[in-house]
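I opened this model to look up a few local features and keep short notes on each. The entries follow the order in which I went through them.

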Amino acid sequence: EIYTLSLHDALPISSWAYLFSGTRGTGKTTTARLLAKGVNCLGKGDKPCGQCENCNAIKDGTFMDVIEIDAASYNGIDQVRELRNSIWYPPAQGKKKVYIIDEVHMMSNSAFNGLLKTLEEPPKWVMLILATTDPQKLPQTVRSRCMKLDFHRVAQSKIEEKLWEICQDRKINIDDDALTLVARNADGSVRDGLTLLEQCISSGDVHITREMILETLGRVDDQVYVDIVDGILASKPEKALVVLETSLQEGKDPREILNGLIGHYRSLMMIKYIKNPEDILNMSAENIKRMKPQADALDISQISKGILELSKTAFDSKTSNQPRILLELVIMKLSMRLIDINRAVSVKEEGGFAAVNDSKVLKGKINFSEDTLKEDFRNYIEKTSERKEENKGKKSSEAGKIPPFEGDRKSTRLNSSHPAGS
């Protein structure tokens, strides 16, 4: 909104070169078209009026003096030479000749160098608008010649409001939780939110539910993550793996389940340490109440371990042909979270420690209380300290002895090799 007002107020004295940067779907190209309308509008009131001949032509894409270029394919020095030659022709219909170069970071270095002079001293009737999602790839010489505007992600509440208006105009009934799910998965991109909503509307249903959104996204229901974590907390991997198998049989992507589990652990962390997590997590009170026992059963170290293990597995799954096996393995690891502690525990044997057999731990044949663990570790530390003191004493006693002089050793060898009287 601030950029819109700034551009609107600066229309009479607008710059000749702009750089619009920001993530996808935040309105860079749309704002560029609106700016092109503003400088070519024939209306007498606020510009752009959206009703004059030029505004309608730009909207329909038939205005000759607004040229949109895709830099992904128009990225060579030859194309820039054509651009440099064409800008010297005055506009045919409007007041300004506007060039909108989208994804400008895809241009080659030679193309950027050829564009520098045009950016610095263009004809008075030319306006250049560069749009990119990665401004850091642009040379500093190009960025310094443009008026830069950064487009940020759109707030989820605004996306929900816009999507709700669209549904009302089309007489589509959409549940509140479904609308929230669409806006959350848009991730600040209005275009992604509109695309997802359009996919659901195209099915022909006039009532859109949360289940329809999940099916369209290929996402897993939150209850699946709750059941998997229940199995992990109970150290019952068979329960968690059965739930996982059911989801995979329904066609869910194991990589998507991995990312969902990471988000679930993050939600548990928020529920555990934040008094009212509803607004932060965008979750209903029922879901939070359902996850509260899990959050209470985990401490921060276990949550941290879960997030790190799942994140590492998610990274490895990107290059793996068997992401399902990696997912099953990490569930087994998290389910047996006490194995690492049990492995570190040792039984005193002959003044030292003997490792506990993993199979015995798994079968529950050996159980250690917290007091027993502390006592064993305390004894281990004391025993280690005693051994260190003994080693120090031995070294000091050896250091007190004076070694024989090297010359005496040589003379002894000489005398032995030359017997008396020889």
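Entry 1, overall. I started with burial: buried residues make up 37% of the 422 residues in the protein chain. The model is a predicted one. I then listed the secondary structure and found 21 helices and nine strands in the protein chain. For the contacts with a separation of 6 or more, I noted that 71% join residues 24 or more positions apart.

I checked the length of α13, which covers residues 254–273. The expected span is 1.5 Å times one less than the number of residues. Next I looked up which residues of α13 are buried; among them are I257, L258, G260, L261, H264, Y265 and L268. I kept a general point beside this list: an α-helix has 3.6 residues a turn, so residues three or four places apart point the same way.

I also looked at N259, which lies in α13. N259 has a relative accessible area of 46% and is therefore partly exposed, since that value falls between the 20% and 50% cut-offs.

How do α11 and α13 lie to each other? Helix α11 is residues 222–233, and its axis is 10 Å from that of α13, at an angle of about 75°. Angles of 65 to 115 degrees count as roughly perpendicular, so α11 and α13 are roughly perpendicular to each other. On the α11 side the contact is made by Y225, V226, I228, V229 and I232. On the α13 side I listed E256, I257, G260, L261, H264, Y265 and L268.

I located Q294 in helix α15, residues 285–297. Is Q294 buried or exposed? Its relative accessible area is 2%, so Q294 is buried. Leaving out residues up to four places away in sequence, Q294 touches V226, V229, D230, L233, H264 and L268. Of these, V226 and V229 also belong to the α11 side of the α11–α13 contact, and H264 and L268 to the α13 side. For D230 I found a polar contact of 2.7 Å between its side chain and that of Q294.

How many disulfides does a search of the whole structure find? The search returned zero. C200 is in no disulfide, and the nearest cysteine sulfur, that of C167, is 9.3 Å away. The cut-off for a disulfide is 2.5 Å between the sulfur atoms. C200 counts as buried because its relative accessibility is 2%. I also checked C146, which counts as buried at 12%.

I noted two residues other than glycine with a positive phi. D187 has phi near 55°, and D187 sits in the loop between α8 (176–186) and α9 (190–201). At 40% relative accessibility D187 is partly exposed. For S235, phi is likewise near 55°. I placed S235 in the loop between α11 and α12 (237–249). Its relative accessibility of 30% makes S235 partly exposed.

Terms used:
Residues are numbered from 1 along each chain as its sequence is written. This is a predicted model: local features need pLDDT of at least 70, side-chain atom pairs count only at pLDDT 80 or more; totals for chains, interfaces and linings use all residues. Side-chain values use heavy atoms; hydrogens and water are left out. Helices (H or I, at least four residues) and strands (E, at least two) are DSSP runs, numbered from the N terminus. Buried means under 20% relative accessible area, exposed over 50%, partly exposed in between (1.4 Å probe, protein chains only). A polar contact is a pair of N or O atoms within 3.5 Å; within protein, one must be able to donate a hydrogen and the other to accept it, and residues adjacent in sequence count only if both atoms are side-chain atoms. Contact means heavy atoms within 4.5 Å. Axes are lines fitted to C-alpha atoms, for helices over the stretch in contact, and angles run from 0 to 180 degrees between N-to-C directions. Angles under 35 degrees count as roughly parallel, over 145 as roughly antiparallel, 65 to 115 as roughly perpendicular and the rest as oblique.
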